[in-house]
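Hi,

Here is the structure I said I'd pass on.

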Amino acid sequence: MKNNNIRFIQGNEACVEGAIYAGIDFFAGYPITPSTEILEHLAARLPQKGGKFIQMEDEIASMGAIIGASLTGKKVMTATSGPGFSLKQEALGYACMAEIPCVIANVQRGGPSTGNPTHVSQGDVNQARWGTHGDHSIIALTASNHQDVFKITVDAFNMAETYRTPVVLLLDETIGHMREKLVIPEPGELPVVERLRTSVKGGVDYHPYLPRDDGRLPMSDFGGEHRYNVTGLFHDMWGFPNNNPNVVGGLLRHLVDKIENNVNDICMYKEYWLDDAEYILISYGSSARSAIHLAKNRRARGIKIGVLELQTLWPFPTEMIREKCAGAKAVIVVEMNMGQVVTQVKNAVDNPNSVFLANKISGELISPEDIKSLLRMIQGKGV
Amino acid sequence: MKNKKFDFKDYIRQRFFPHIWCPGCGHGIVLSSLLRAVHELGLNKNEIVITSGIGCSSRISGYVDFHSLHTIHGRALSFATGVKLSKPDLKAIVPMGDGDALAIGGNHFIHAARRNIDITAIVMNNRIYGMTGGQFSPLSGCGKQATTAPYSTIDREFDVVDLAKSAGATFVARSTVFHANECKDIIKKGINHKGFSVVEILTQCPTYYGRKNKEGDAVQMMENYKTNTVKIGSKKLEKNPGLIQRGIFVEKNDVPEYCEAYDRIIETAMKGQA
């Protein structure tokens with residue numbers, strides 16, 4: 001019997017399948033390489049299940065549209081790449097401030113500017129964290145294979161709803177365009193989180209921005225019984241603009257704490273052969289594939305090497321990394337940028353001098369050989 | 001509420017007052033016209049979403065007791081598009097300033113018009129950036145004084161009506177805050193119109209535009225709206241073609257509304273699945 005749940009597809013399609021599984025209702029986007037397939041596939045898939053798709057006039061409008069749709073109670077997403085991600089930043093900050101659940105996929109290409117549109121890069125790690133202005137916190141997830149792209153897309157929707165925050169999916173061109181197998185999980189196999197809605201009845205005061213003890217804010221859909229104000233200004237529990245120092249300080253602290261205090265729940269990673277590892281490769285996204293390949297190969301030659309593959313990049317899993325790397329002789333961060341995660345790793349570990357960067361910034365995928373030459377130098381074996 | 005006598009207190013959030021507008025500002029008349037329009041239409045407050053951007057005019061969204069979304073500068077129409085398309089039963093109203101609507105938000109303005117999505121855009125045109133202290137806007141026109149045009153403006157202005165028409169808006173009208181009843185009637189028609197409606201309302205900013213351009217105080221500026229404007233096609237235009245026309249310029253009911261068109265896409269897509 002034919003199994004329709006097994007596919008041979010691109011990573012961008014795996015992301016679409018994950019979004020459908022998570023219950024996406026609304027997508028707004030604008031064409032941009034290398035993320036366009038997400039837009040194209042959702043244009044076909046969403047109306048089949050009664051959802052809504054709209055191709056907006058630009059990247060900013062796409063971000064605005066998903067925020068508007070989220071407020072009517074819908075699960076929403078947009079997708080883009082570098083230049084588009086830059087354009088979305090102001091509205092992304094709005095979603096942080098107004099606490100609007102939404103998912104933004106950024107299939108990374110080379111930058112800055114128009115850069116290297118059809119080639120891979122991981123240069124937007126820091127932009128995902130600090131791209132919008134002002135202090136805030138953010139969740140950013142990534143994956144190195146299609147099964148995991150599917151899963152973290154579901155996780156992204158779940159976390160967006162749980163923490164009422166934008167969640168960035170940091171994919172990359174290699175993952176987005178590469179084809180490999182995906183087995184779509186059965187319904188119920190992965191948890192799907194629904195929005196927490198207020199139980200306050202109509203006619204009773206509802207405080208849209210008064211967090212519960214656990215920091216969560218039950219929502220009320222636009223069009224429902226509770227009429228309230230949503231603004232990007234600092235606001236009080238009613239959602240009204242307020243610049244009282246206590247209100248401003250309290251809200252900013254809440255926006256950061258609701259994410260940073262839950263770093264352990266948000267933190268996802270995979271580990272390979274770490275138990276006795278003297279050398280640890282830390283990587284994520286498509287570059288983790290080369291790291292895993294090399295580690296497997298070196299293990300076969302008796303070298304005690306392991307891989308820590310990060311799936312949550314923000315909030316950065318500082319504690320977890322410190323613990324995992326405590327016994328290592330050397331840590332090599334494998335990434336395709338000038339060293340965005342390596343800086344965080346140096347901050348995390350007890351001995352920053354033992355942390356090295358194996359990177360590639362040419363638009364080509366970093367190879368096991370690229371990592372191997374650095375490893376040999378560290379081992380004192382020459383290149 | 002239709003049968004009840006209009007009381008603005010039924011429609012505002014008193015907690016949010018006093019408002020931020022200067023004495024003599026025309027925006028309060030727009031607010032009042034909007035509330036009267038909503039009252040006369042007998043709309044349920046729960047079915048209205050008011051979405052605005054940034055600027056003096058955009059503060060309207062907070063003052064009214066509807067679902068209200070105060071967004072970022074220039075982008076209100078894109079947020080409203082998301083609200084409307086995701087829940088087409090809602091009435092979407094977007095009050096905007098001239099800079100908000102047609103400088104930073106110009107792209108969203110023309111595309112919302114092109115799509116003919118059922119949103120009522122109220123462009124409150126005071127020909128100046130008031131909130132930031134009196135910089136010229138794309139509606140100021142040439143030869144005006146502004147803090148960013150100390151030697152007078154050389155930027156030509158848009159005609160909101162012509163722009164909206166060309167971009168495909170299916171309801172286009174203009175009024176002024178002097179003509180408060182006309183204003184209310186036009187807003188009513190705009191809200192009732194199934195499609196993208198643009199209502200331009202000329203409203204005075206005595207603080208920054210009037211003072212700098214020696215147009216007098218608020219009363220004088222309102223007086224000017226009386227003398228400088230005429231109904232569409234008025235005979236006075238023959239003698240004085242420079243007069244600004246008021247009224248409904250476009251009212252087309254034969255263009256598909258975007259959300260309804262999308263519903264047919266859903267039908268087609270679902271058939272393909274069956």
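What follows is about how the two chains meet.

This is a predicted model, so to speak: local features need pLDDT of at least 70 and side-chain atom pairs count only at pLDDT 80 or more, while totals for chains, interfaces and linings use all residues. Residues are numbered from 1 along each chain as its sequence is written, chains are lettered from A in the order in which they are written, and side-chain values use heavy atoms, with hydrogens and water left out.

Counting contact as heavy atoms within 4.5 Å, 42 residues of chain A and 41 residues of chain B take part. Together the chains bury about 3,500 Å², 61% of it on carbon and sulfur atoms; buried area is the accessible area (1.4 Å probe) lost on putting two parts together, summed over both. K52(A), E57(A) and R227(A) supply 21% of what chain A buries against chain B, more than any other three residues.

R227(A) turns up again: its side chain meets that of D65(B) in a salt bridge (2.9 Å, N to O). The rule, a side-chain nitrogen of Lys or Arg within 4 Å of a carboxyl oxygen of Asp or Glu, finds two salt bridges across the interface.

There's some strand pairing too (DSSP must find at least two bridges between the strands; strands are DSSP E runs of at least two residues, numbered from the N terminus). β10(A) and β2(B), residues 67-70, pair in the parallel sense over three bridges. Within β2(B), H70(B) is the bridge partner of T231(A).

Cheers

Conventions:
Helices (H or I, at least four residues) and strands (E, at least two) are DSSP runs, numbered from the N terminus.
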